[in-house]
Structures are given as structure tokens and as C-alpha cells.
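Morning, everyone. I have one structure to walk you through today. Please have a look at it first.

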Amino acid sequence: MNNTKFAWFRSPRFRYAWLLHKRALRVSGILLVMCAVLMVASIAFGSQYVHPATVVKAVFGQADPMNQVIVEKLRMPRAIVAVLVGASLAAAGAVLQGIIRNPLTSPDVVGVTEGASFGAVLFVYVFTNQVSIHWMPLASILGAFAVTGLLYVLAWKKGVSPLRLVLIGIGISAAIKSLSYMLIISGPLQLADRSLTFMTGSIYGVSWERDVATLLPWIAVLLPFTWLQARKVNIQVLGDDIAVSAGARVQRDRLLLLLLSVSLAGSAVAIGGAISFIGLMAPHMARRLTGPSFGSLLPVSALLGAIILLAADLMARTVFFPRDIPAGVFTAAIGAPFFMYLLYRKRNGNG
């Protein structure tokens, strides 16, 4: 047997790649267990405590009727939506940070989240009495795509550079947010209350039929497809010159990855509202745990995003009981100091 065929498998590079792969699998397994435990805790705690063992029984339809209704109809959809929204926002942030090559970037920084929010707010004020509320997710996704299209056009100059993309995105985000608040101020009081809650970010009052059934198909298709683009993200991180020399179609790949990020963020915002900073925090934390390779970074980021939003929603329901605070308040309270910490590290050359 010709041993030269297996020389690469004995090389230090292969051993290093295998160690990183094992580390990513181990971290993913730990985070998956943490996410499951946190889901049970999120379902167990509330206005009426349900024992974790009863929660598990209710999942299999074996709890008593009252607890079965509490778990299955009221709390389980909320926990599942928290997982889906958190994972989607985190994955969108990981893709954006890869193509823009900046760990301080997230969907809410470049205007994607604000575009989705504006689409939902506009729907509430224009169509709320004429069209079913079930169409609001589509309005949110269209708003995200419209703002991203505007961002891409304004940032285009013989291609789209990451720096122009993020700078113009910050300006568009501020402008769209101002338009959203203008609509809120000018509209009826009852609609303003609903819109403000949406712009803060909340998963209160979600249901199986309206929210889980709407969001799940998007995530089930988009997350695996995005993970299959791992090589394209890894090449984008190296810079345009190296990517071109490696044979990558930089602008086409960047557009595809941007559309995937927008779709993930837009679908999440459509259900959970403008929940901020998850797309910033989760990928950065995942990078510390698994390294920069997107094949490992994406699943770990998604799991961390789910854990962050589950924890934020659990605190939102219990810390100020009986008031149900929007989960976005807690993610912002954690994310703002985290963002300042990242700026400090980058300023001192540690980022």
C-alpha cells in the first residue's frame, strides 16, 4: 500500500483540524443539554409553578389536564419560539460578521432588524383592519429585504466593500428607526402600544398555529442551507484579494450570504420583534469557544442565541412578576455592556 496517500492524515494540520472538530462537537453537546434544561425551566416557572418532572410528562401527553394545558398550550410554544428566534438571530449575526469581517457587526447594527421592524409597524398601521394579522411576518421579511436592497445599492462602488456596507448600514438603521417612531407617534394609541412592544422585542402571547408554524419552516430550511455555505464564509473572512486568488466569486457569494442573513433575521423579527444584541453576542462567544471556522461557529452560535433568549425571556416573566417585561429589554441590558467591552478590547488591540 502506498503510504503517501495517507500522509496528509498524519500531518499536524489534519490533527489540529480534527481536534477543533472534536472540540466543536463537545461544546455543541454541552450547549444542547444546557438549552434543553433551560427550556424545561422556562416552561416550569411562571404564574403557576409546574414541576420539571410534570413538564417532561406533559411533553409526552401524560400530565394531568390542567398542567397539560399550561405546558402544551401556554408555555411550550413560547419556549420553542425563543429557541427559534434566538438561533436565527445568532446565525444571521455570524454570517454578517463573516462577510463584513468585523466582530462588532450584527443585524441590528446594519439596519436589517430595523427594516423588518418598519415592515411590521407599517403593516399594523395600514392594513390592520383590512388584512389578517397572519400576513405580518411576510410584511416584516419584505421590509428587511427592501432595506437590504437599498443598503446594497448605496454601498455598491465597483463591488460592495465591507466597510461601506457597515457605515451605510448604520445610517440607514438610524433613518428607518426614525420613520418607525414617526408612524408610532402619529397613529392611534392602541396601535402605538402594540408597535412599541414589537420594536422592543417580545415573544409574549405566541401560539402553535400562528407563530411556531410560521417560523419553523423558515428556520428548518435556512439554517441547514446557511451551514452548507461554510466554505464561502471562511473564504470571505480572508479578505477580497485572497478570496479572488482562491477562485471565489466574491461579490456573488457576498450577495448570497447577505440574503441568507437577511432572511434569517427577518423571519426572526417577524415573530419576536426587534430583539437586539443576540446577533452580536452569540457569534462572538462562539468564536471564543470553537475558533473562527464557520462550520463549527454556526451551530454553536445558534445554540448560544437560543440559550440567551430563553434566559432573557425567563427573567422577563419572573423577575418583575406579575409584570411580563419584553425579553428585548433584558437582551439590551446584557448586550450594551458587552458591546462596550468589545469596543474596549478592540481599542486596546485585544479584539
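I'll start with the overall picture, then go to the core, a few single residues and the surface.

First, the ground rules. This is a predicted model, where local features need pLDDT of at least 70 and side-chain atom pairs count only at pLDDT 80 or more, while totals for chains, interfaces and linings use all residues. Residues are numbered from 1 along each chain as its sequence is written, and side-chain values use heavy atoms, with hydrogens and water left out.

So, what is the protein built from? It has 14 helices and 0 strands. Both are DSSP runs numbered from the N terminus: helices are H or I with at least four residues, strands are E with at least two.

How much of the protein is buried? Buried residues make up 50% of the 351 residues. Buried means under 20% relative accessible area, exposed means over 50%, and partly exposed is in between, with a 1.4 Å probe and protein chains only.

Now contacts, meaning heavy atoms within 4.5 Å. Take those between residues at least 6 apart in sequence. Of these, 75% join residues at least 24 apart.

On to the core. The largest nonpolar core has 96 residues. Such a core is a set of buried Ala, Val, Leu, Ile, Met, Phe, Trp, Tyr and Cys residues joined through side-chain atoms within 4.5 Å. V85, L89 and F294 have the most contacts inside it. Helix α3 gives the most to this core, with 19 residues. In soluble globular proteins, nonpolar side chains tend to be buried together.

Look at L89. Leaving aside neighbours within four places in sequence, its contacts include P107, A265, V269 and I275. V269 also touches S117. S117 lies in helix α4, residues 112–127. Is S117 buried or exposed? S117 counts as buried, because its relative accessibility is 0%. Beyond four places in sequence, S117 is also in contact with F198 and A274.

A274 brings us to T200, which touches it too. T200 is found in helix α7, residues 189–200. T200 counts as partly exposed because its relative accessible area is 30%. Which residue sits 127 residues away in sequence but 8.0 Å away in space, C-alpha to C-alpha? That is A327. T200 also touches P326, G328 and V329, among others.

Next, H284 in helix α12, residues 278–290. H284 is buried, with a relative accessible area of 10%. Its C-alpha is 9.0 Å from that of Q97, which is 187 residues away along the chain. Not counting residues up to four places away, H284 touches Q97, P103, F338 and L342.

Now helix α9, residues 230–237. Its buried residues are A230, V233, I235 and Q236. What covers them includes α3, α8, α10, α11 and α13. Just after α9, G239 takes a positive phi of about 110°.

Finally, the surface. The protein exposes about 17,300 Å², and carbon and sulfur atoms supply 69% of that. These areas come from the Shrake-Rupley method with a 1.4 Å probe; for residues, only the protein chains shown count as cover. F320 lies in the loop between α13 (294–318) and α14 (327–347). F320 counts as partly exposed because its relative accessibility is 46%.
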